[in-house]
Amino acid sequence: MPVSTTGATAAGLCAFIDASPSPFHVCRTVAAELDARGFARLAESEPWPSDGPGRHYVVRGGSLVAWATADLGAAPFRVVGAHTDSPNLRVKQQPDLASAGWQLVGLEPYGGAWLNSWLDRELGVSGRLSVRDGNTVRERLVRIDEPILRVPQLAIHLSDDRKGVTLDPQRHVNAVWGVGYEPGAFLDFVAAHAEVHPGEVLGWELMTHDLTPSRLVGRDQDLVSAPRLDNQGTCFAGLRAFLAAIEEPGAAVPVLAMFDHEEVGSQSDRGAQSDLLPAVLERVVLARGGGRGDYLAALAGSVCASGDMAHATHPNYPERHEPAHRIEVNGGPVLKVNQNLRYATDAAGAGAFALACAQAGVPLQRYVHRADLPCGSTIGPMTAARTGMSTVDVGAPQLAMHSARELMGASDVAAYAAALAAFLTPDTTGR
Ligand code: CO
């Protein structure tokens, strides 16, 4: 059944990314859309309503799970999974440094950041603060879109061989933000932006973002140049698909699950290795009057599409790719298969996603990593292991993964969203 996805455009993706510099801001951006569509946010610490069909979501730190239940009895789930985090440079706990007359902010890499791409860019700061409020602590998101930080490159004349330098993550990624030295100045600056007293800031997760706006590029403007396409490309396409699916329900309960911490292994209170997804799904069944047996039965018929960006074949490095599995931008969604289960895809999951692509009328590309190169992974294998759900790893093609500035195809945005929407609205869920 083709489901029409509205708003799944490249321009929409650019706006989504520019609104979402950190995982916490991804959740805020998605939550605002859900709120506008009549979703209610539930607290995990409180009982959940048992008054039948509804549109709900929970937020746990930088992770979010949303679902919409129609009158589906013990229907299984169709889950679109994604991750909200992207590799970047993050602020250390004692950020104020001085060197050679410069005032520096101490940064370190998060995840597999491609460090060379972070040099000589104007960087802002975002994240969340834990702020003291009397004898309690509250969370406050902060976002500074002023060009306050820059990690300067070494002059080519000072390099050993003029062929480039090897970047040391301890010594070479600190940012300059002025001259002179003033201890405590950086957190004072952040606190002032957040309109809180510096002495009340008890904890923080702060990270940098490139301030260059996302935009369409290329002769025909058919490419998207943006930060964080991995994996906000999937967060956006998944959200558009989910919002389309809830308007045309299929035989399953549509779920959107977006996890923090994928880039560092997913092992946290809110990563894909946590209990977040199984706990939410079980409570969804319990809230509609089912028991644990109903939950396990629902899981047995459920399928998860783990969405994460895929490697398009690079024109300058075609030899880095499996030659019989060329992947093209604007060539449609990608099915990712790895015999050593770096991707969770099996024949059953592949069947579910390939059928969805056929129903949506979009082409499907099949990706295999070179057997002589180590393959990255996704939330797919963990979600599969945590829930026992049949899982398929999918994505949209891009270049420059983990660069501060990535590149994907503009028409792949709509194709990816259409495929995920069809996946979320199956005619039957026979597994
Ligand atoms: Co990713």
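Select Asp 230 and Asp 308: both are buried (under 20% relative accessible area with a 1.4 Å probe, protein chains only; over 50% is exposed and in between is partly exposed). This is a predicted model, in which local features need pLDDT of at least 70 and side-chain atom pairs pLDDT 80 or more, while totals for chains, interfaces and linings use all residues. Residues are numbered from 1 along each chain as its sequence is written, and side-chain values use heavy atoms, without hydrogens and water.

Asp 230 is in helix H4 (residues 229–245) and Asp 308 in the loop between strands S14 (303–307) and S15 (310–311), 78 residues apart. Helices (H or I, at least four residues) and strands (E, at least two) are DSSP runs, numbered from the N terminus.

Now colour by domain: domain 1 covers 3–86 + 227–424 and domain 2 covers 88–210, with bounds from an automatic or database assignment. Their centres, taken over C-alpha atoms, are 31 Å apart. At the contact (heavy atoms within 4.5 Å), select the 22 residues of domain 1 and the 20 residues of domain 2.

Finally, select Gly 361, in the loop between helix H7 (347–360) and strand S17 (365–367). Gly 361 counts as exposed because its relative accessibility is 62%.
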